[in-house]
Each structure stands twice: as C-alpha cells, then as structure tokens.
Amino acid sequence: MSNLVVHGFPVSPNVRSARIALIEKGVDYHFNEIGFDYLGTDEYAKLNPFRKMPVLEQGDFILYETPAILGYVDEAFAGPSLQPVDPKARAQVRKWIGIAANYLYPVGVMQLFLQRIMTPIMGGVSDEVLIAESANITSQHLDILERELTTSLLWVMR
C-alpha cells in the first residue's frame with residue numbers, strides 16, 4: 001500500500017482533480033473517503049486548518065490547496081508532464097484553472113449543485129430562485145470558457 005493518501009469527498013471537483021493528476025502520473029495512492037461531518041472535527045483540522053479538501057498526505061508531509069497539490073504531483077513524480085512546456089500555453093491553462101476556481105466553482109458548485117442535488121439529499125428544501133439565478137450565471141460562465149477554449153485551440157493549431 002502506498003504511503004501517499006488523498007483525503008476527501010469523492011464527488012468534490014477539487015478532490016477529483018487531485019486524484020486525476022495522480023492517476024495520469026501513474027502514482028500509487030490510497031484514497032481516504034471522508035464525509036462532510038468529518039471536516040468540522042479537530043482531527044481533520046490537524047490536516048487542514050481551513051477544513052477544506054483535498055488534503056494530500058505523504059508520510060509526515062501534509063499538503064492542502066488543490067493548485068499546490070497539482071503542482072507537487074506534477075513535479076515530484078515521474079511520468080508525463082501535466083502542463084504544457086510553452087509559457088503561453090501554460091499561462092492559458094492557468095487562466096482556465098482560475099476561471100474554474102473563481103467563477104464556475106463558487107456559483108456552479110457551491111450554489112447550483114448544492115441547492116439542486118445536495119440539499120434534497122440531506123432532507124432540505126431547495127431554493128428555486130437561487131437555482132435559477134445560479135443556472136443562468138453558470139451558463140454564462142460556461143459560454144465564456146467554451147469561447148476561450150475554442151479560441152485557444154485554434155491558436156495552438158496554427
């Protein structure tokens with residue numbers, strides 16, 4: 001069994017990003033599935049004082065924050081690079097990551113997904129007004145990202 005552990009909730013986009021990076025690099029790791037209730041514990045706060053996920057643990061080395069984990073995995077392990085070598089292409093990738101983290105995630109996940117999917121699962125009543133507003137904003141963000149990706153792909157293929 002690997003001494004590398006990823007702690008997190010399986011459907012979290014950030015946890016999935018960390019796991020995908022490890023798989024793409026061919027790194028053996030153990031996934032420690034945790035629930036939302038564990039995030040609030042003092043035990044988890046020892047891994048991440050902000051009580052967010054994922055956390056990557058490798059022996060006595062503990063790392064949190066998804067961009068830091070992704071960079072570490074890419075640079076610390078053999079295998080294909082997860083980032084373009086060209087500085088302009090790498091900057092574009094970082095921009096897309098920023099768009100996802102700063103625009104798509106807060107509205108598309110923390111509002112739309114939580115209201116539409118998680119609230120009913122947890123026995124609550126969804127806020128349909130917030131869902132409609134979040135869906136509209138998320139659609140706009142996805143349209144922008146699609147244009148960005150299309151333009152960038154055309155630029156790269158020149």
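Mentor: A patch is made of residues with over 30% relative accessible area and no salt bridge, and nonpolar side chains are joined within 5 Å. Keep in mind that this is a predicted model.

Trainee: Which residues form a nonpolar patch on the surface?

Mentor: Val11, Phe113, Ile117, Ile121 and Met122 do, with about 480 Å² of accessible area together.

Trainee: Why does isoleucine 117 count as partly exposed?

Mentor: Its relative accessibility is 37%. Buried means under 20% and exposed over 50%, so a value in between is called partly exposed. Isoleucine 117 therefore counts as partly exposed. This residue lies in helix 5, residues 87-121.

Trainee: What makes helix 1 and helix 4 roughly parallel to each other?

Mentor: The two helices pack at an angle of about 5 degrees, and their axes are 10 Å apart. Angles under 35 degrees count as roughly parallel. Helix 1 and helix 4 are therefore given that description.

Trainee: Which residues of helix 1 meet helix 4?

Mentor: Asn14, Ser17, Ala18, Ala21, Leu22 and Lys25 in helix 1 meet Thr66, Ile69, Leu70, Val73 and Asp74 in helix 4.

Trainee: Which residues are buried in helix 4, and what do they pack against?

Mentor: In helix 4, residues 66-76, the buried ones are Thr66, Ile69, Gly71, Val73 and Asp74. The buried residues of this helix pack against helix 1 (13-25), strand 3 (55-58) and strand 4 (61-64).

Trainee: How many helices and strands are there in the protein chain?

Mentor: There are 6 helices and 4 strands, running β-α-β-α-α-β-β-α-α-α from the N terminus on. Of the 158 residues, 33% count as buried.

Conventions
Residues numbered from 1 in each chain as written. Predicted model: local features only at pLDDT ≥ 70, side-chain atom pairs only at ≥ 80, totals over all residues. Heavy atoms only, no water. Patch = residues over 30% accessible without salt bridge, like charges linked within 9 Å, V, L, I, M, F, W, Y side chains within 5 Å. Areas by Shrake-Rupley, 256 points an atom, 1.4 Å probe, with all protein chains shown as cover. Salt bridge = Lys/Arg side-chain N within 4 Å of Asp/Glu carboxyl O. Buried < 20%, exposed > 50% of the residue type's maximum accessible area, 1.4 Å probe, protein only. Contact = heavy atoms within 4.5 Å. Axes fitted to C-alpha atoms, helices over the stretch in contact; angles between N-to-C directions. Parallel < 35°, antiparallel > 145°, perpendicular 65-115°, else oblique.
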